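Please keep the structure open while reading.

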Amino acid sequence: MVDIFDRLEKNAGGPIGQYMNYAHGYFAFPKLEGEIGPHMKFRGKMMLNWSLNNYLGLANHPEVREADAKGAAEFGMAAPMGARMMSGQTKYHEQLERELAAFVGKEDAFLLNFGYQGMVSIIDCLLTPRDVVVYDAEAHACIIDGLRLVTSKRFVYGHNDMESLRLQLQHATELAEEQRGGVLVITEGVFGMKGDLGKLDEIVAMKRDFSFRLLVDDAHGFGTMGEGGRGTASHFGVTDGIDVLFNTFAKSMAGIGAFVSGPTWLIRLLRYNMRSQLYAKSLPMPMVIGALKRLDLIRNHPEYQQKLWEITRALQNGLKENGFDIGVTNSPVTPVFMKGGVEEATNLVYDLRENHKLFCSIVVYPVIPRGEIILRVIPTAAHTMEDVEYTLNAFKAVRDRLTSGGYKGLPMPQMAEW
């Protein structure tokens, strides 16, 4: 017999955690300090920060800060005390749901405590063992984990590959008919790693040829895409073709929580069947009051979305003009693709932070294939054109050093705090 702790200790690193002995506190779990925004402190040094999903710059908006503070002062963090079904229902929760549903063009909405667990629970609630799921190969981890919980047969289609989707829908349809079940397609509005949009218009059009329902995770699209930030479905003009729409507050809303929207009957069903919400404390009142203010600002200040896109276009056009590969992004998410090993990648990022005072996220193996590096840059409405120009110059400097072999042969920086 194996002792569970012995096994865990011997393999404590795992695929990503294998790097924790030198990466913790610097490349992983870094501590950014100061007011949330484009300029924050990292290890005592001011950095130009491109690593926050604060798309519309609302995190430190004075009206948002005031609403958060008033909500906490009036209600405290404990209220409402209990799960919503039992004792945690308030008129403010209901008001926020009505306003969110109207904003994204759906009949009703249901508030969720967290985005990740919310998506997991939505999938669990929608499917039975007889049903069949077809999902994008680059679906977010919350979708994958939700699918792991259900026993429904799954088919994966090539990322944004509509011919692959059509083929998998043929297989799924045959199996669903055999099992007397249904078919659910799951994709994203904006893919958070590469920044490309899910082909929602083409997927909705496939409903002419196949019978299926469509669940869309639009975490990165809410507030950034479509008319007034109504999302990627609005961008494509296919809101009515999305059967279940999921959004989170963690990106453009700069908060905590999420919501799912759709037809009234379905949202009522989810309210009474989503286990992660039925058995969890209600979303605390300050977060609800704060979300109402954030939504109000998004609705009434389209200039925030416009400013985000001004910065995004300037950054992405500048990168392309200077020969950088940013893939197929057509959203604010801006990946910069480079070639090099893990050692080169870590030394490049160390150079960016220590010598250029620029902070962005790094993605390397095993998240992506060996020999590839992604610097993930997230523009916001709070950035300036000066920030863009500075970043282009810094990126050119580290790229030149990378391509000339300047990061090869260097020991990996040992930055761990433990």
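The points below cover salt bridges, then the cavity.

This is a predicted model. The salt bridge count comes to 19. A search of the whole structure finds one cavity of 30 Å³ or more.

- Arg84 and Glu97 form a salt bridge, with the closest N and O atoms 2.6 Å apart.
- Arg84 sits in the loop between α4 (62-75) and α5 (91-104), while Glu97 belongs to helix α5, so the pair ties together parts that are 13 residues apart in sequence.
- Arg84 has a relative accessible area of 14% and is buried, because the cut-off for buried is under 20%.
- Glu97 is buried too, with a relative accessibility of 3%.

**A pair within helix α7: Asp145 and Arg148**

- A salt bridge joins the side chains of Asp145 and Arg148, at 3.1 Å from N to O.
- Both residues lie in helix α7 (residues 141-149). They are three residues apart, about one turn of the helix.
- Asp145 is partly exposed, at 25% relative accessible area.
- Arg148 is exposed, at 61%.

- Lys293 and Asp296 meet through their side chains in a salt bridge of 4.0 Å, N to O.
- That distance sits at the limit of the rule, which asks for a nitrogen within 4 Å of a carboxyl oxygen.
- Helix α13 (residues 285-300) holds both Lys293 and Asp296, three residues apart, so about one helical turn separates them.
- Lys293 is partly exposed, with 23% relative accessibility.
- Asp296 is also partly exposed, with 27%.
- Lys293 and Asp296 belong to a network of salt bridges that also links Glu63, Glu99 and Arg299.

- Side chains of opposite charge can pair when their charged atoms come close.

**The cavity**

- Empty space shows up when a probe the size of a water molecule is rolled over the atoms.
- The largest cavity has a volume of about 50 Å³.
- Which residues line the largest cavity? They are Gly37, Pro38, Asn49, Ser51, Leu52, Asn54, Ile378, Thr380 and His383.
- How does the lining divide into nonpolar, polar and charged residues? Three are nonpolar, six are polar and none is charged.

Terms used:
Residues numbered from 1 in each chain as written. Predicted model: local features only at pLDDT ≥ 70, side-chain atom pairs only at ≥ 80, totals over all residues. Heavy atoms only, no water. Helix = DSSP H or I, 4+ residues; strand = E, 2+ residues; numbered from the N terminus. Buried < 20%, exposed > 50% of the residue type's maximum accessible area, 1.4 Å probe, protein only. 1 Å grid on protein atoms, 1.4 Å probe; cavity = no way out; pocket = protein on both sides within 12 Å on 5 of 7 lines; lining within 4 Å. Points joined across faces, edges and corners; volume = space filled by probe spheres on them. Nonpolar A, V, L, I, M, F, W, Y, C, P; charged D, E, K, R; others polar.
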